[in-house]
Amino acid sequence: MQIKFLGTGGAFDIDYLNSAALVTVRGKCVLLDCGFTVYQTLVHKNLLHRVDHILLTHLHNDHCGSLANLLLHKHVVDKAPKPIILYPTDQFKSQVYELLKIQVKDPDKYAEFVPLEHFEGIRAIDTYGMHSEGLQSFAYIFEEDDKRIVYSGDLGKPDVLFDRLSRMPALHTCVYHDITFNPENTGHTFYKKLLPYMNGVEMFGYHCDPTQNPADNPIRLVFYQKDLLA
Ligand SMILES: [Zn+2]
Ligand SMILES: [Zn+2]
């Protein structure tokens, strides 16, 4: 199992590209989020052909803004098999479907929709309203052999995620958490709020502008970990 980030920026940190990653789990390659810079990054890095599954954390544009383009490219240009969009709940599937319907008319022509529970090794944590009021969002937990990868998605209130983790069997765990350096930003997790959760896990921060990183932040930023970048 491995994770390689395609970008680590926040919604407006375009120099660092939209936060997204390719996760290789149980022999499949899962694209985790597809914001407006992701399609271009995949093409530039010649990685588009690797994507066979797609999983979205929520439908803000920096997490889904180039999904339609990716699907069209695979169908029209590459004539590749339809990628599988994994969905954690029926309601979220409908939201993704409606969004794509406006853009590509017939989403089923370009993607297959499969419930996440049919894919072994990934579980969703419902974080509804914990990033943005009234907005559906999810964190995801990937497991293979004796390793666990946790991806927060955009999350302003991390307690529910760490509470769930504390009740799961002990495994070597890497947590990738969105992070903000501004205490007024309630949509993302202020780095000091993550400090109590660093025990027993490896933690990395993303979805931020790394140049704003305060000197007293002990959480390593994904941006500086070259082995975590695609
Ligand atoms: Zn975001
Ligand atoms: Zn968001």
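Reader: In this predicted model, what spacing do the donors of the zinc ion (ligand 2) follow along the chain?

Author: The model is predicted, and in it the protein donors of the zinc ion (ligand 2) are H58 through NE2, H60 through ND1, H131 through NE2 and D154 through OD, lying 2.1 to 2.4 Å from the ion. Read along the chain, these donors follow the spacing H-x1-H-x70-H-x22-D.

Reader: How many residues apart in sequence are the parts that H58 and D154 tie together?

Author: H58 lies in the loop between β4 (53–55) and α2 (61–64), whereas D154 belongs to the loop between β9 and α5. H58 is buried, with a relative accessible area of 0%, and D154 is buried as well, at 2%. Because the two residues sit in those separate loops, the pair ties together parts whose distance in sequence is 96 residues.

Reader: Is the arrangement of donors around the zinc ion (ligand 2) tetrahedral or irregular?

Author: Four donors count as tetrahedral if all angles lie between 85 and 135 degrees. Around the zinc ion (ligand 2) the four donor atoms subtend angles of 88 to 172°, and the arrangement is therefore irregular.

Reader: Which residue bridges the zinc ion (ligand 1) and the zinc ion (ligand 2)?

Author: The zinc ion (ligand 1) is coordinated by D62 (OD), H63 (NE2), D154 (OD) and H207 (NE2), at 2.1 to 2.2 Å. The protein donors of the zinc ion (ligand 2) include H58, H60 and H131. The two ions lie 3.5 Å apart, and the residue that bridges them is D154.

Reader: With the side chain of which residue does the side chain of N217 make a polar contact?

Author: N217 lies in the loop between β11 (202–206) and β12 (220–221), and at 10% relative accessibility it counts as buried. Leaving aside neighbours within four places in sequence, N217 is in contact with I179, F181 and Y191, and the C-alpha atoms of N217 and Y191 are separated by 7.1 Å. The polar contact between side chains, at 2.8 Å, joins N217 to N213.

Terms used: Residues are numbered from 1 along each chain as its sequence is written. Chains are lettered from A and ligands numbered from 1 in the order in which they are written. This is a predicted model: local features need pLDDT of at least 70, side-chain atom pairs count only at pLDDT 80 or more; totals for chains, interfaces and linings use all residues. Side-chain values use heavy atoms; hydrogens and water are left out. Helices (H or I, at least four residues) and strands (E, at least two) are DSSP runs, numbered from the N terminus. Buried means under 20% relative accessible area, exposed over 50%, partly exposed in between (1.4 Å probe, protein chains only). Contact means heavy atoms within 4.5 Å. A polar contact is a pair of N or O atoms within 3.5 Å; within protein, one must be able to donate a hydrogen and the other to accept it, and residues adjacent in sequence count only if both atoms are side-chain atoms. Donors are N, O and S atoms within 2.8 Å of the metal (3.2 Å for Na, K and Ca); water is not among the atoms, so sites may look incomplete. Four donors count as tetrahedral if all angles lie between 85 and 135 degrees; four count as square planar and six as octahedral if opposite donors are over 155 degrees apart and all others between 65 and 115; anything else is irregular.
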